[in-house]
Amino acid sequence: MQRLTQQPAEQYSSFRLPYFLKQVYLADKIADLEQFTGPEFPTVLGEGTNTIFLDNQHKPVLRYLADGKTLQQLGDDFLLHVEAGHNWHQLVSWTVTQKLWGLENLALIPGSVGAAPVQNIGAYGVEFADRCIYVDFYHWRHRTVTRMPLAECGFGYRDSVFKQQLQGLGVIVAVGLKLSAKATPVLRYPGLDSLPTDANIGQIFNRVIEVRQSKLPDYKELPNCGSFFKNPVLDQGHFEVVAKAHPAMPSYVQSDGIKVPAAWLIEQAGFKGVITDQVGCYQKQPLVIVNFGLTASEPLLTLIKDIRDTIKQHFGIELEPEVRLLDHTGSHYVPG
C-alpha cells in the first residue's frame, strides 16, 4: 500500500478547491485494509467526482484501487463481479462491447464502481439497484468482507445503507451485477423515447452519451460534481399545496411520493447561469454548480445557502445536497 503526504486536493476532487490532504493511502488489495487499526479510520474516496473538500483535510483519505472483474454465465443472464476501483463508465463501455444488457443507460456517469452503490447512481430510467445482486463490504470492526444481498443494501433514491448506517464503518470492495444477453431496452425517459423500440445496445449507449454531453459540463474543463441537489420527493398533500401555487411545476409520480425536478426549481428562482464570486449554476443545467476559479469554499457555501433559502421561501421545499461535503475533520458538512 502506498502512503502519500500533503497531496493537493485538486487531484482527488472534481470540484478542485485548492486545499491539501494530509495523508492519502492507495490500497490495491483487501490485505492492505487490515493495516488500519483505528480508533479513527480514514475517509474512503472513490474518484472524487461526488466529493468536495471544504478545507485542508487532517483525517487520512483512503482510495481502494483493485479493479478486476469476472463474468459468469447463468442461462441467458450473467453475473458480473467487479472490484470497487474499476472506473464506472469504462465498465459500462465494456458491457456494451460484449452486448450484455443492463448498464447502457448509466453511461458517462463519472466515478468508480465502489461509489455507485453509496449513491445508488441512476440516470435515464435505470438505477444501480435495478442491476445489483450483492455488494461486498469490508467492515473495519469485524475485519472481514461481508457479502450483502440486494435486500440488505437499503437502496433508495440516491441513498443506501452505505450512505447511512454503514457510513464510515468500512469499505465497499466489490459488487455483483446481473446482466442479460437478451435485449432489454429502457427507453421511457425523455431523450431516449425518440429511439426505435428495437434500438440496439450501442444506439442506446451512444444516445445517453449524446444527451448527457449536450447538458452537462465536462468536469475536466469546468470543475463540478454533477447534480448538486437531489430532486425532492413530496408527499401528496405537500405537492398539492405547492402545485396550486405553481401550476407549471413539472412532476413525476414515484412509489414513495411525487418527484419534482430540482433544476426547474433552481431555474425559477433565478440562479441559472448566474456566477457570483467565481461560482455559479451552469447555464445549460442549473442543477450543476461549477467552480469558475474559487480559491476557498466560502463562496460555494454562500451559494448553497442562498439556493436552499430561496427555494424554501418560494416553494416551501427543502433541497438536500447530493454531493458529499467534507469539513477539515473529514466529517460531513450539512448546510444550514
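This briefing covers the side-chain contacts and nonpolar cores of the structure above. The model is predicted. A search of the whole structure gives 13 salt bridges and 10 aromatic pairs. The largest nonpolar core has 46 residues, and a second, separate core has 45.

- K182 and D76 form a salt bridge, with 3.3 Å between the closest N and O atoms.
- K182 is in the loop between β12 (170-180) and α5 (201-215), and D76 is in the loop between β6 (69-74) and β7 (77-83), so this pair ties together parts 106 residues apart in sequence.
- D76 has a relative accessible area of 42% and is partly exposed.
- K178 forms a salt bridge with D77, and here the closest N and O atoms are 3.6 Å apart.
- This pair joins two strands: K178 lies in β12 and D77 in β7, so parts that are 101 residues apart in sequence are tied together.
- Both partners are partly exposed, K178 at a relative accessible area of 45% and D77 at 24%.

**Other salt bridges**

- R207 forms a salt bridge with E210, the closest N and O atoms being 3.8 Å apart.
- R207 and E210 are both in helix α5, 3 residues apart, which puts about one helical turn between them.
- R207 is partly exposed, its relative accessible area being 21%; the limit for a buried residue is under 20%.
- A network of salt bridges links D28, K29 and D32.
- As background, side chains of opposite charge can pair when their charged atoms come close.

- Among the 10 aromatic pairs is that of F36 and W140, which is edge-to-face, with 5.6 Å from centre to centre and 65° between the planes.
- F36 sits in the loop between α1 (30-33) and β3 (43-45), while W140 sits in the loop between β10 (132-139) and β11 (144-149), so the pair ties together parts 104 residues apart in sequence.

**Charges over rings**

- The ring of W94 has the charged end of K69 over it, 4.7 Å from the ring centre.
- The ring of Y134 has the charged end of R147 over it, at 3.8 Å from the ring centre.

**Nonpolar cores**

- In the largest core, of 46 residues, the members that touch the most others are I52, F229, I289, L300 and I307.
- At least two residues of this core come from each of the strands β2 (20-27), β4 (51-53), β18 (279-281) and β20 (324-326), and likewise from each of the helices α6 (236-245), α7 (262-268) and α8 (298-315).
- Helix α8 is the largest contributor to this core, supplying 6 residues.
- The second core is separate and has 45 residues, including W101, F137, F155 and I172.
- In soluble globular proteins, nonpolar side chains tend to be buried together.

Terms used: Residues are numbered from 1 along each chain as its sequence is written. This is a predicted model: local features need pLDDT of at least 70, side-chain atom pairs count only at pLDDT 80 or more; totals for chains, interfaces and linings use all residues. Side-chain values use heavy atoms; hydrogens and water are left out. A salt bridge is a side-chain nitrogen of Lys or Arg within 4 Å of a carboxyl oxygen of Asp or Glu. Helices (H or I, at least four residues) and strands (E, at least two) are DSSP runs, numbered from the N terminus. Buried means under 20% relative accessible area, exposed over 50%, partly exposed in between (1.4 Å probe, protein chains only). Rings of Phe, Tyr and Trp (its six-membered ring) pair if their centres lie within 6.5 Å; planes under 30 degrees apart count as stacked, over 60 as edge-to-face and the rest as tilted. A charge sits over a ring if NZ of Lys or CZ of Arg is within 6 Å of the ring centre and within 35 degrees of the ring normal. A nonpolar core is a set of buried Ala, Val, Leu, Ile, Met, Phe, Trp, Tyr and Cys residues joined through side-chain atoms within 4.5 Å.
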